[in-house]
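Open the model in your viewer and keep the selection panel at hand. This tour goes stop by stop.

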Amino acid sequence: QVQLVESGGGLVQAGGSLRLSCAASGRTFSSYNWGWFRQAPGKEREFVAGIRWSGLTSYADSVKVRFTISRDNAKNTMYLQINSLKPEDTAVYYCAAGSGSRSAYEYDYWGQGTQVTVSS
């Protein structure tokens, strides 16, 4: 059974940092693309960052410079380092794995989400 489990979310003050993790089990994801998405209340799920199997990364314009995505294939784990957090970063963050790039429809596996709340 394939599972993706996010961790690392929490409540943080504006300007703070968090490191989200996404641990996969049930199969090896070294040949998959990974992505982070987020969904704020009343808004659609949006792409945040992605890392291809080759290691090539991409980011939404709103998070460039502040967010860094990485992966450790040996641990079957992906990370999202979030710096200089802003209140508008408040959302549930989801990790995903598949053949996708920026579209959520292109990902086959999803985690349950981890809440990030940024206070002003």
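Which side chain has a polar atom 2.9 Å from the backbone oxygen of Phe29? Select Arg71: a polar atom of the Arg71 side chain lies at that distance from the Phe29 oxygen. Before going on, note that this is a predicted model, where local features need pLDDT of at least 70, side-chain atom pairs count only at pLDDT 80 or more, and totals for chains, interfaces and linings use all residues. Residues are numbered from 1 along each chain as its sequence is written, and side-chain values use heavy atoms, with hydrogens and water left out.

**Stop 1: Arg71**

Stay on Arg71, which sits in strand E7. Strands (E, at least two residues) and helices (H or I, at least four) are DSSP runs, numbered from the N terminus. Now show Tyr32. Its backbone oxygen lies 3.0 Å from a polar atom of the Arg71 side chain. Such a polar contact is a pair of N or O atoms within 3.5 Å; within protein, one must be able to donate a hydrogen and the other to accept it, and residues adjacent in sequence count only if both atoms are side-chain atoms.

Arg71 is buried but has no salt bridge. The nearest side chain of opposite charge, Asp72, is 8.4 Å away. Here Lys and Arg count as positive, Asp and Glu as negative; His and the chain ends are not counted. Buried means under 20% relative accessible area, exposed over 50%, and partly exposed in between (1.4 Å probe, protein chains only). A salt bridge is a side-chain nitrogen of Lys or Arg within 4 Å of a carboxyl oxygen of Asp or Glu.

Next, select Trp53, in the loop between E5 and E6. Trp53 counts as exposed, at 53% relative accessibility.

**Stop 2: the charged network**

The structure holds four salt bridges. Select Arg38 and Glu46. Their side chains meet in a salt bridge, 2.6 Å from N to O. Arg38 is buried at 6% relative accessible area, while Glu46 is partly exposed at 35%.

Asp89 forms a salt bridge with Arg66, with the closest N and O atoms 2.7 Å apart. Arg66 is in the loop between strand E6 (57-59) and E7, 23 residues from Asp89. Both Asp89 and Arg66 are buried. Shared partners join Arg38, Glu46, Arg66 and Asp89 into one network.

**Stop 3: the open sheet**

Switch to cartoon view. Four strands form an open sheet in the order E1-E3-E8-E7, with antiparallel pairing. Strand E1 (3-7) and E7 stand at the edges with a single partner strand each, so one side of each is left without a neighbour in the sheet. Two strands pair if DSSP finds at least two bridges between them. E1 and E3 pair over five bridges. Pick Leu4: its bridge partner in E3 is Ala24.

**Stop 4: the nonpolar core**

Finish with Trp36, Leu80 and Tyr93. Of the 33 residues in the largest nonpolar core, these touch the most other members. Such a core is a set of buried Ala, Val, Leu, Ile, Met, Phe, Trp, Tyr and Cys residues joined through side-chain atoms within 4.5 Å. E9 gives the most to this core, with five residues.
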